[in-house]
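Hi,

Here is the structure to look over when you have a moment. My notes on what turned up follow below.

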There are 2 protein chains.
Amino acid sequence: MALDIKELSSNKSFGGYQKVFSHESAVTKCEMKFAVYLPPKAVDNSPCPVIYWLSGLTCNELNFIQKAGAQKISSELGVIIVCPDTSPRGCNIPGEDDGWDFGSGAGFYVDATEELWKNNYQMFSYVTAELPEVIKKNFPTNGKQSIMGHSMGGHGALICALRTPGFYSSVSAFAPICAPTECPWGLKAFNGYLGPDKTKWDEYDACKLVAKYSGPPLGIYVSQGESDQFLKDGQLQPEKLVDACTKACVPIILNRDQGYDHSYFYIASFVDDHIKHHAKFLKD
Amino acid sequence: MALDIKELSSNKSFGGYQKVFSHESAVTKCEMKFAVYLPPKAVDNSPCPVIYWLSGLTCNELNFIQKAGAQKISSELGVIIVCPDTSPRGCNIPGEDDGWDFGSGAGFYVDATEELWKNNYQMFSYVTAELPEVIKKNFPTNGKQSIMGHSMGGHGALICALRTPGFYSSVSAFAPICAPTECPWGLKAFNGYLGPDKTKWDEYDACKLVAKYSGPPLGIYVSQGESDQFLKDGQLQPEKLVDACTKACVPIILNRDQGYDHSYFYIASFVDDHIKHHAKFLKD
């Protein structure tokens, strides 16, 4: 596995550095970009915990670092923030750029099994295995990590944590797609990447995974804006996740925030709370 | 003067609302957009002070609200933030979209006198007269305002404050173009908008205006990143502003921040300090 990375940009931010890198991924078989915020502690080469951020549909590695305003609290708490892209890109797969909710910018954090997509669209393995190795090799990490995300990336954070018991210390999400096997976005993506056999889909549905989770406590922390259009449209369904957690006796905190929508203005308003939540679980 | 505005977007942010509006400007004779952050205090209809933010070259009314992360401190301190666009747009002036440093996105906050531009490019009057009237009419203001900006917008903030003694309570800037009559960006813009008679240029050069300023104290507060490429290129020249202020006995605070560049990552790192600075001057 090639763990070499190439620095594309570096900007000083709150005493640390906001950087963007690219590398040749052996898993997705294409060049992948990711952003890394290094707090002052990491710049001084002291080992830090890592929080992974998974973005939503249409996003890439830049949205969170430009719009969420998470660098200040990350600087203060000494956590590294890693933001991968949301899909492979430029793979010359027929139709990869045709829609905003499938293909480029919409990898859905699954390992595709369908012929057209399986060579590149291995985002689950990329996020949970290859990328953490790349981060460990290149930055001063202390072996602890958590994961969070937004919308499609909230779904991604939940399934990554639920499928790898013990690997992540905690998981949180803004407006996650909680039941992708039962909403329009998920149906399109899972049918496209995983094919029509729905038994395979359950492996990437947070509600189904919670039902059989038996690992250590995950500190699931979810924020959902009450004025989110996609909540009204039935794409998110946080009530199903709460039901599944209740039935499985898995603790979950669900914040329902009145008046907030699906935008980064919502994320920015509460990202400090999420990172402080993770910091409690990431303490040495 | 038409003071009616049209709401283009509204997103809840830190308990207040980040909104974007358009209106028909009588001064620039085109539709202008601007962004307004309303802190919870303003949402409750209590009068608040206003801070105007002027953006730099290529920007519009959105860059600051998406990238600076100023909503949290503005929410806490109860200040309204107003971000106008950086130029008229869509005026069908020959060449208006040909360059990134002249025309659209590059109004330089002057009132143009050259034939081609003078009908629309009246950004000084727009920012210091028409827009404040629009804000006063439509939002709960308390009559006090300050002004700040970045790069071309830092120049804009300085000249707006220096030319209107008493109107703004304080002025601050990130990496301002301090001596536009003596740098490549300024020479191109002033020649294009104001014509070859350089005596007219001095009215829009902060260093020249400081020399003859006789209004109330302005609390000039400037931040300059030491690793700013445009500082090295001679476009910014903060030392000339400090010299001019020293000679004129006008107090100025210049923060030189090691390792920081010209980007919004720099602005985000110190915007709280700037807004707190203004809040001291804006107290009832």
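How much space lies in the second largest pocket? About 240 Å³, where a volume is the space filled by probe spheres set on grid points joined across faces, edges and corners. A pocket here is an open set of points on a 1 Å grid over the protein atoms alone where a 1.4 Å probe fits, with protein on both sides within 12 Å along at least five of seven lines, and lining residues have an atom within 4 Å of a point. This pocket has 13 lining residues, with A:L57, A:T58, A:C59, A:H150 and A:H262 closest to its centre. By class, six are nonpolar, seven polar and none charged (Ala, Val, Leu, Ile, Met, Phe, Trp, Tyr, Cys and Pro count as nonpolar, Asp, Glu, Lys and Arg as charged, the others, Gly among them, as polar).

Before you go further: this is a predicted model, so local features need pLDDT of at least 70 and side-chain atom pairs count only at pLDDT 80 or more, while totals for chains, interfaces and linings use all residues. Residues are numbered from 1 along each chain as written, chains are lettered from A and ligands numbered from 1 in the order written, and side-chain values use heavy atoms, without hydrogens or water.

The largest pocket has a volume of about 810 Å³. Its lining counts 44 residues, and A:Q66, B:K67, B:A68, B:Y264 and B:A268 lie nearest the centre. That lining splits into 20 nonpolar, 17 polar and seven charged residues.

Now the interface. 22 residues of chain B are in contact (heavy atoms within 4.5 Å) with 22 residues of chain A. The chains bury about 1,800 Å² between them, 51% of it on carbon and sulfur atoms; that is the accessible area (1.4 Å probe) lost on putting the two parts together, summed over both.

Two salt bridges are counted between chain B and chain A, taking a side-chain nitrogen of Lys or Arg within 4 Å of a carboxyl oxygen of Asp or Glu. B:K72 pairs with A:D272 in a salt bridge, at 3.3 Å from N to O.

Over all chains the structure holds 20 salt bridges. One is A:K240 with A:E182, whose closest N and O atoms are 3.0 Å apart. A:K240 sits in helix α9 (238-248) of chain A and A:E182 in the loop between β7 (171-174) and α6 (184-194) of chain A, so the pair ties together parts 58 residues apart in sequence. Helices (H or I, at least four residues) and strands (E, at least two) are DSSP runs, numbered from the N terminus.

Cheers
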